Amino acid sequence: MSEEKKMIPIYITGKKYLVPNGLTIMKAMEYSGYRYIRGCGCRGGFCGGCATVYRFKNDYKLQSGLACQTVVEENMYLVQIPFFPANKASYDLKEIKPTGGTLLKLYPELARCVSCNTCTKVCPQDIEVMDYMQAALKGDISGAADISFDCIMCGLCAARCPAEIVQYNIAILCRRLYGKHLAQKAEHVRKRASEIIEGKFDKELSDLMKSDKDDIRKMYNKRDIEPDETEG
Amino acid sequence: MYSQDMIESINRLEATRSKRIKQELTLLTSEEKYDLLNKFHPDYKKGTLRELKIGPNKGEKVINEIANLFEAYSLIDPDKVDLSNIDHDVDVLIIGGGGAGASAALIAQENGANVLVATKLRFGDSNTMMAQGGIQAADKPNDSPPRHYLDVIGGGGFDNTPELVNALVRDAPEAIIWLENLGVMFDKESDGTMITIHGGGTSRKRMHSARDYTGGEILKTLRDEVKNRDIDVIEFSPAIELLTSEGKCTGAILYNLETDEYIIVRAKTTILATGGAGRLHVQDFPTSNHYGATADGLVIAYRAGNPVIFMDNIQYHPTGAAYPEQIVGLLVTEKCRGLGAQLVNNDGNRFIYELETRDVESAAIIKECIERNKGIETPTGMVGVWLDTPMIDIIHGEGTIQKKLPAMYRQYQRFDIDMSKEPLLVYPTQHFQNGGITVNEKAETKIKNLYGAGEVEGGVHGRNRLMGNSLLECIVFGRRAGKNAAIKAKKIGYGELTLQHIKRYHMELRKVNIDKANISPMLLPDYRRRVSLARMIDV
């Protein structure tokens, strides 16, 4: 473990701190004495709350990542983005159609995409952001929904976009349009919900609620388990 | 990328692999199990529970970390807060911006209420966002709500509150339809049939998913809809006390984390949807929970006189990640062991049959690391045992991991660990608050005009929650709370705003000599180093 205990300099909003090599940006900030209010959410790469931009000394390249998932490196100059003011359209999902026209009406700036691919390069989830923007422009709602699925809405794409598009808000709109209007409805769920309303399970459930622990335990231990043929 | 010490340990593991594949371990006898649990499972450890000295559960045992928060003074001096300047007047105040809070907000508004959501971090920062696996609902022809009931109550140790389990399983299909109508992209066959799989303890395949971002996709959808409907949300402003009048809840005091000001909210009805307690790090365990999971809702409801139930235990997941440091505490799915990955110590030896129950597996790993000192230490001082995942491809054929565990594979790939070639280091992690504040099937608490929904409430899961029932609980009880709170708000006016309950609680605390330095709720954990804290100047 020797080589990783080495202390390295990092620059948090320009101030130098020495931190152990191997820490994430988030833990390095805490090691340096910072206590998070903004810029920290799930700490596991799911919530998109800790978008960070950084650059190395004498390097022109601006880099980015999630503070909870990115390991510090020597001479990193970093700052977290506490909040990004993003344009979000309002709509009634029932009323709008799953078409490119809908997207352009709600987000006309979509047409300003110049395919520069900055969004894709900046995405910490490795999503082909530009590809789903192009799908959205073509009115391919399913494609945009599918490609954007792993988006955690961290805002880095929107922060870098020269066309001032908020990609992730268009992405969630595409997924909701797909889920609501394009995917087939699950009829078996509706059937079951009606059966419940009609009272089909009332007697069985109220009997279960009244049963004593020993009887329930017996029923539980006797219940059959659906085989899992996918394993093996 | 593993450290040199770890690579040497991996060499020992690889040296025994061919022998281990043929090695057969048997299930422990019930005596051996009991002994192992009794000695090493965190819930059974002596001195980890204590009797509460005051409040509605006085004399009952709860885990120490919860008792510490209950036996503590308010963050405010009830004599010094000016309650006459009201900042917000609303029908329904919802405290918490996760799955339960967002569901409650939408339904309360649909029922005609003027709604305010207050949340500690950003809207959406919650355990819901991190839930990967799925959401249960008995909606397939071979399944039924009574079957779901039996699985829930059996999994919970038969102590669950029956009317809550009934509500959970009865509303489940309707909850799925509601989400589908809001546009959640569930995994489906092309004809619309939901793709459902098993979870631990299910007798039918009823786990619905949205790839392995199920909770995230649900919450992103709900959040988008809350924004569409222009519902007021105040972020970075947790509730630090409820306001009461003669045993009724009349609003809450919020605390603006950025300006340090308090905010007075007068509400006809209030819904607590504050989530769980992972960040208390019970017995110093790592956690799979988000940054704000500090049991605030339990504390303020308890002070106002609402009891808690099943707070004498915590759900640990046996295989949390112990390395790399970036993902410590996050879950490594049980499916790895199901597919043949073995648990191996620093000498390259197995120490437990891998398909015992979660509590037994956790105890065995803890014993190996703490008592037998056979764990592997990481550069940041974590300890864990190996989960020999390359065995999965050896047993089932190359490519199995990438096909069956794509999210896990990607997660580790990010840190230059190829789990099909290298083992993973694991250790039990604090995962879920099985218990919580008591509620009834209408999501009403014992305090009039106060409701509870999601992980903050207890009873539905007994002492052990099954996978896929927490997302369901958020949606089902969030919707019930939203509806009932909105309907109630129409029938009543505003109440008087007082902190009488805090004054009484403080008196009780003084009577049993609780140190004034103990204050709660915690609001956020503090991960700064001691040296930093020792040098801190309060200006």
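**View 1. Ser115(A) is partly exposed, with 13 other C-beta atoms within 10 Å.** A residue counts as buried if 20 or more other C-beta atoms lie within 10 Å of its own, exposed if 12 or fewer, and partly exposed in between, with C-beta atoms placed from the backbone. Phi of Ser115(A) is near 55°, a positive value in a residue other than glycine. Ser115(A) sits in the loop between α2 (100-106) and α3 (118-122) of chain A. Helices (H or I, at least four residues) and strands (E, at least two) are DSSP runs, numbered from the N terminus.

This is a predicted model: local features need pLDDT of at least 70, side-chain atom pairs count only at pLDDT 80 or more, and totals for chains, interfaces and linings use all residues. Residues are numbered from 1 along each chain as its sequence is written, while chains are lettered from A and ligands numbered from 1 in the order in which they are written.

**View 2. Asn373(B) has a positive phi of about 55° although it is not a glycine.** Most residues other than glycine have a negative phi. Is Asn373(B) buried or exposed? Asn373(B) is exposed, with 10 other C-beta atoms within 10 Å. Its loop runs between α11 (358-371) and β15 (376-377) of chain B.

**View 3. Cis peptide bonds join Tyr323(B) to Pro324(B) and Ser520(B) to Pro521(B).** Most peptide bonds are trans. Omega is about -5° for the bond between Tyr323(B) and Pro324(B). For Ser520(B) and Pro521(B), omega is about 0°. Pro324(B) is in the loop between β13 (315-321) and α10 (335-338) of chain B. Pro521(B) is in the loop between α16 (500-511) and α17 (530-534) of chain B.

**View 4. Domain 1 (2-80) and domain 2 (100-182) divide chain A.** These bounds come from an automatic or database domain assignment. The domain centres, taken over C-alpha atoms, are 28 Å apart. Eight residues of domain 1 of chain A are in contact (C-beta atoms, placed from the backbone, within 7 Å) with seven residues of domain 2 of chain A. Strand β4 (residues 63-66) of chain A gives the most to the domain 1 side, with three residues.

**View 5. Chain A meets chain B.** The contact takes 66 residues from chain A and 69 residues from chain B. Elements of chain A that give two or more residues to its side include α1 (25-31) and α7 (167-182).

**View 6. Val92(B) and Ile271(B) touch the most other members of the largest nonpolar core, which has 184 residues.** A nonpolar core is a set of buried Ala, Val, Leu, Ile, Met, Phe, Trp, Tyr and Cys residues joined through C-beta atoms within 7 Å. Helix α15 (residues 469-491) of chain B gives the largest share, ten residues. Not counting residues up to four places away in sequence, Val92(B) touches several residues, among them Ala108(B), Val115(B), Ile271(B) and Ala486(B). Another core, of 44 residues, lies apart and includes Leu330(B) and Leu405(B).

**View 7. The axes of helix α7 (residues 162-181) of chain B and α15(B) come within 9 Å and cross at roughly 85°.** So α7(B) is roughly perpendicular to α15(B). Axes are lines fitted to C-alpha atoms, for helices over the stretch in contact, and angles run from 0 to 180 degrees between N-to-C directions. Angles under 35 degrees count as roughly parallel, over 145 as roughly antiparallel, 65 to 115 as roughly perpendicular and the rest as oblique. Ala167(B) and Leu168(B) are among the residues of α7(B) at this contact, and those of α15(B) include Leu472(B) and Arg479(B).

Note on methods: Two residues are in contact if their C-beta atoms, placed from the backbone, lie within 7 Å.
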